[in-house]
Amino acid sequence: MGREFSFDDCGRAFTCLPAEDPDAPAEAPVCNLDSLLHTLTHRLCVGSPPGLWVCSTDMLLTVPSVPGIDWDGFQGVRVIAVPGSQAYARNHGVYLADKQGLVHDIIYRGTEAQIRQCAGPDGSVPLVCGVVFFSSDAAEQLLATHVIPPLDACTYMGLDSGAPPIQLSLFFDIVLSMARGVTEEDFVKGGSDANARSARSVLWASLRAFPLSMACIPDASYDYLTASASDHIRSLTLLPGSASHLRFCKTAHSQADQPWLLEDGSSVTNSLLEGAVRLAAGSAIQHCHLQGPLEIGPGCLLSGLTASSSPALQGCPLRDVVLQGHHVRLRDLSCRVFTLSGRLDDWQVRQGEVGRDSPRGWGVTNPSVSPPRAPLKLPPTSTCPGLSFSVRRAYGECHVLRQSKGPGSLGFQCHPTPLRLHQEASWPPQPLLPTWNLPSSLRALLMGSPSSREGDLWDAQTPPSSRCLLSARLFPVLHASEALGLEDVLWLLAPTAGPGGQLARWRAAWRMSWEELLPCLDKEAELGARRALFFLQGQRKVRRVLLGCQDGSLLPLIRSAVHEGYHEAVLGTLDEVASTADDAGVAARALACIADVLGCLAQGEGGLRSGPAANTRWASAFRRLESGDIVGGVRELAAERQKWMSGPDLLVRAARHYEGAEQILIRQAVMSSCRFVTVQPAELPPVGCWVQAVCPARLDLSGGWSDTPPITYEHGGAVVDVAVLVDGCRPIGARVRRIPEPELRLLSLGGAPRGEAVAELVCRELEDLRDYCQPHAPGALLKAAFICTQIVQFPSQEPLRAQLMRSFSGGFEVHTWSKLPHGSGLGTSSILAGAVMASLYRAAGKAASTESLIHAVLHLEQRLTTGGGWQDQVGGLVPGIKIGRSKARLPLRVEVEGISVPEGFAHTLSDHLLLVYTGKTRLARNLLQDVVRNWYARLPSVVQNAHALVSNAEECAQALRQGDLELLGACLERYWQQKKRMAPSCEPLAVGRMMGALRPYVHGQCLAGAGGGGFLYVLTKAPQQKEALHQILAKTEGLGNFSIHSIEVDTGGISVEVLGCELDASAPPGEDVAV
């Protein structure tokens, strides 16, 4: 974990940053080590030869882009530097290098002249940033020294051999040995003792031959994590810009009930803020669970505080303080200890460390001045607004301690005006302790008044030179009879009790100094507390994201919860959200998240996530959901879930059933579109009279997938469709007639309206309709159509025959056909559903508008359980070129706008569009399940792609209005890329070859529908290219059986007509053409 760090119990490496990584597969707080690893892996290491990278974790390093370091001919060792100011370099290390980048020396805290010598033309200097690269040869040579005394003492081998341990510096012992401007004598002599000098001699002999070069990264930045609270708070609140690979934010992995109370310039990391917690600019909160009302002023750092500490903080305004809660282990005893210090205090300044360079916050300057001739008499302690100083039997020239900004500050700075002290005081002057803003009793204690007992702070054996804030026993740890809490240090800020109250309680407690606490910090307990707090705020995030219908992805959090064993807590939260949400869409998303938890628990085993979900053990819960009892359904699902947690196969099967439950709620949401289905009475055709509906196919030119539930009502959708004739005919149709027998005759005619029946089914009982919701059952679509048009009531106590005789004096016969192959991608099933419903309505003496049919098909496909969106029926039922839109709300309503194109453009478009049948059958259902799963997970790429789909649809509509084929082709190309991002498996290898062969000859191309097979449509650069493309594809290997078909823009849409009792012997145009 590196060296101890005053502001993070887990050290500098694990200091958490106010940042989130949007691309992380699992959600977790971002620490400095994460940032450094990313910077090395994706920035500095790019292009480097084999070797060893060494990186310090004592700093924050930002490298905005790959720096392009020249590695040609590289040998030896290379140090990485970042540019900095000469003023900053006074307290840091800099490289002295020549114009070729060879390092001559490393200067640490050099003089102004030495630093100026290192400066470049712009005045900046190359700062040592703690990153070094060793070539493989240099790394091997360095590794070989571990067996050479005394360097073997750096390893367990030397220690186990009895060698005294030795400590080396990476830069001043190892790297410096290769600097060109350093002589062997000076280098070896720089060792602190004989052992160190011997070690340096070995390093010189082993490494001197390797050249040491420097690469200074011009746009990089570097901040050393110092012991200064001001610097650390600044690093947590002055966040880097967009150049950083991390997304720095005001609230990182945190939840705040009232985020508007967090001022810009503040930061909250891995925390939960309940109620009114006001945080001023320039302050940071980390790893805290706080409950308002709280007021936190500027310059504060709060860390490690729990909800139980909040009452002590309420009514205690904070400003310029560092307040931390620590997990401490004293042998077998674990306890919580709180520490309090000022933003400007320096922990390590000791009595006697005075003079011009003394760190701020403590005492007297110039103690060696001569006794003054004209003394100025001052009272023992004097104060004035904004000023506090103390004099204790001292005299000479002193600088007064000036209190920093505002009340509550524990920090002091030296006032520039010298004062003369009373000459009667003893000489030499005694160093002063800061007065702080303390109760008078403790101030007297610290100031050495007659009532003081220095034994309260230091042992008598502690020499004055070692007495400082770091070693002062200020912090209560245990009390003989009372529990200790945050109030036992907060009273130092706002005294409310006299010497007999808090001071007596403070004196009675066993206290430790920060120096004594450091080795006792329980890092394991601290990390455990941070983890528990992270998932506690994560549960709040789950509620906020789901109930607020936000686009944030919960899948990274779910992965983390499963990995860390917090999945039961997350499952409980998801159950609660699903059962209490007023919106069925929110409940559905919660169930989808539960399925993701179960899938993650399976750890990639147990089979595919997509699959059947009709096990009878889940049927009772499903029935409750179907009936609208979401609370009861979720409760039964959770009870059943507990029986399926014992293995990957059971977990995956349970996940499928949760997705099945989610689909029930999606269906209920989509079926809200029924209110937009209106049916008017019409003349009832006589028995035996055929009603026929024929429809064109459709091409989706852009926006597909945005029409798919739940995307369409959670995000909003827009799809550009064109109705098309295929090889000159409308390829999809249905006809219906009433028959005297009270039964339902269902016939599929295959590819032609006059063809032989390829499947026939007769339903005489309601039981024959029970499988209407199983898409692969015989006649399922037609059965669902009878139910959705309410010609048949199902379920019902009244038998089917009785229903049909009562309402229609007989039954119905339905014929359907499609000249398109199964899985064509041209919207066949939805368009056929529209044709069937239109002809059924008309044969039953009703009439439905095209808008009503669009929404009726949505309803039917939900009852059929195939899911699906609205673009197919919009494309095939509405004539011509149009754009359909739906808003992000329920009830789901589709609005269609015809696109006006320039005169003659529809004919031009027909001349440039061609259909290529790929010979591959599309598997849309699995694609649909994957897309819905990814949408519910709100993967950032999927959400961004949904935005892009809608945007591209509007651009495509504009290209059509302008009659611009080239711009239209660009929209098609973008659309295909968007489809592949939505469903990555939708481009078979053979289709990729086909598209590659055609690319030089087309403006754009795309697989129709969901992709994965079916038809490819192309927009050719030249008109009438059917034969030319056929020759090109015929010469391309690995395509299989393909065929090319002409298409024309259809201007009629669905056509419904009453044909009479006898069908016309003449076939409709193009009926004999089969694909």
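Biologist: A crossing is left-handed if the near helix is turned anticlockwise from the far one by less than a right angle, and right-handed if clockwise. Which is it where α19 passes α21?

Modeller: Right-handed. This is a predicted model, where local features need pLDDT of at least 70, side-chain atom pairs count only at pLDDT 80 or more, and totals for chains, interfaces and linings use all residues. Residues are numbered from 1 along each chain as its sequence is written, and side-chain values use heavy atoms, without hydrogens and water.

Biologist: At what angle do α19 and α21 cross?

Modeller: Roughly 15 degrees, on a scale from 0 to 180 between N-to-C directions. The axes of α19 (residues 619–626) and α21 (residues 648–670) come within 10 Å. The helices are DSSP runs (H or I, at least four residues), numbered from the N terminus. α19 and α21 are therefore roughly parallel (under 35 degrees).

Biologist: Which residues of α19 make the contact?

Modeller: Phe622, Leu625 and Glu626 (contact means heavy atoms within 4.5 Å). From α21 come His657, Gly660, Ala661, Ile664, Leu665, Arg667 and Gln668.

Biologist: Switching to α15 and α16. How far apart are their axes?

Modeller: 11 Å. α15 (residues 523–547) and α16 (residues 555–564) pack at about 140 degrees.

Conventions. Helices (H or I, at least four residues) and strands (E, at least two) are DSSP runs, numbered from the N terminus. Angles under 35 degrees count as roughly parallel, over 145 as roughly antiparallel, 65 to 115 as roughly perpendicular and the rest as oblique.
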